[in-house]
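Dear colleague,

I am handing over the structure we spoke about, and I would be grateful if you could look through it before reading my notes below.

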Amino acid sequence: MDLLFLGTSSGVPTKTRNVSATAVIEASGRHWYLVDCGEGTQHQLLHTPLSIRDLRGIFITHVHGDHCFGLPGLLASAGMSGRTEPLDLVLPHALHDWIRLSLAASETYLPFELRLLAVESLADWCSETLQVNTVQLSHRVPSVGFVFTELNPEPRLDVQRLDAEGIPRGPLWGELAQGLSVEFDGRVLHGHDYLRASRPARKLIVCGDNDNPELLAEVARNADVLVHEATFTQAIIARNGVTYGHSTAAAVARFAAQAGVRNLVLTHFSARYQSNPQRSPCIDDVHEEAQAYYGGNLTLARDLQRYHIGRDGCLHAV
């Protein structure tokens, strides 16, 4: 299971960081899921191995433009790329008419079914390999985080059950191992009933904008990775006096330490933070502030960088 960041800036893009978009990639390495779609996301994709035709679902955390303005262009490009598979788009209900109007006004024809799902009423969303749930966050507008959990990872045959039910070894086992349905002794056996996970499921959380990390306390307990915005440092907030509904690196780091989060990835940095350490404020300030409160595996996300969650639960750049 991998993360690939397509945009790590907040509000506006910079020369080195585009606005919010994060790809979650299945363990197979083929299918993937997109969380947020700021303007220019489709351009960022051109610098990655990801194909729009392998995109399984899009999930938008909230209505602000730096998280959704790239949608009409991405959808149009998906149509022109030859995509025919249906695509689920989970986003705030307030954006549904905007999407429909954008496509209609530009006379954009999509050769695939676009299924608009309201994030407000989403109980859970599942593909064959992942389940996605939401967690409510705190921002100037309603905002959510998306919790991705693997389903039945690396399934293997439940040999004990097969033997107990007297199902003979041979071709039947081979077909069940592929998830197929077979007939035996006058009944139908379904492959998914005889497959069991061979390792613990990995779980990661990708958050929208949020000024109260404590809202993640329940879902963060057993998560392998938490991706959270760190728009500001405490020094900037002290100077300006307002957070605009965002978190500081210190606030997120303190929470992650208390919750026992093993891998913390910070993203959504204010455009004021420069990459040049000779200039102030610098992105190194964000890292130093977080590191003062959090002793786990800390990562500051970079555009177009891919990160792998290993079987040992450790996150590392690839």
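Predicted model: local features only at pLDDT ≥ 70, side-chain atom pairs only at ≥ 80, totals over all residues.

Residues are numbered from 1 along each chain as its sequence is written, and side-chain values use heavy atoms, with hydrogens and water left out.

To begin with the sheet, seven strands make up an open, mixed arrangement in the order 7-8-9-14-15-16-17. Helices (H or I, at least four residues) and strands (E, at least two) are DSSP runs numbered from the N terminus, and two strands pair if DSSP finds at least two bridges between them. Strand 7 (125-126) and strand 17 (297-300) are at the edges and have a single partner strand each, so one side of each is left without a neighbour in the sheet. Within the sheet, strand 9 (residues 144-150) pairs with strand 14 (residues 203-207) in the antiparallel sense over five bridges, and Val147 has Ile205 of strand 14 as its bridge partner. Helix 8 (residues 249-259) packs on the sheet, where it touches strand 15 (225-229) and strand 16 (263-267), and its direction makes about 165 degrees with that of strand 16. Here contact means heavy atoms within 4.5 Å, and angles, which run from 0 to 180 degrees, are taken between the N-to-C directions of lines fitted to C-alpha atoms, for helices over the stretch in contact. Helix 9 (residues 283-291) lies across strand 16 and strand 17, at about 160 degrees to strand 17.

Turning to the annotated sites, the unreviewed UniProt entry gives a "binding site" at Asp66, His67, Asp209 and His268; such annotations, given in the numbering used here with shortened feature names, may be inferred rather than shown by experiment. These residues span 203 residues in sequence, yet no two of their C-alpha atoms are more than 10.8 Å apart, so they gather at one spot.

His67 sits in the loop between strand 4 (55-59) and helix 2 (71-80), and its relative accessible area of 1% makes it buried (under 20%, with exposed over 50% and partly exposed in between, for a 1.4 Å probe and protein chains only). Beyond its neighbours within four places in sequence, the contacts of His67 include Asp36, Asp209 and His268.

Asp209 is found in the loop between strand 14 and helix 6 (217-220) and is likewise buried, at 2% relative accessibility. The side chains of Asp209 and His62 are joined by a polar contact of 3.2 Å, that is, a pair of N or O atoms within 3.5 Å of which, within protein, one must be able to donate a hydrogen and the other to accept it, residues adjacent in sequence counting only if both atoms are side-chain atoms.

The UniProt record (unreviewed entry) also places a "binding site" at His62, His64, His139 and Asp209. His64 lies in the loop between strand 4 and helix 2 and is buried at 18%; leaving aside neighbours within four places in sequence, His64 is in contact with His139, Arg140 and Val141.
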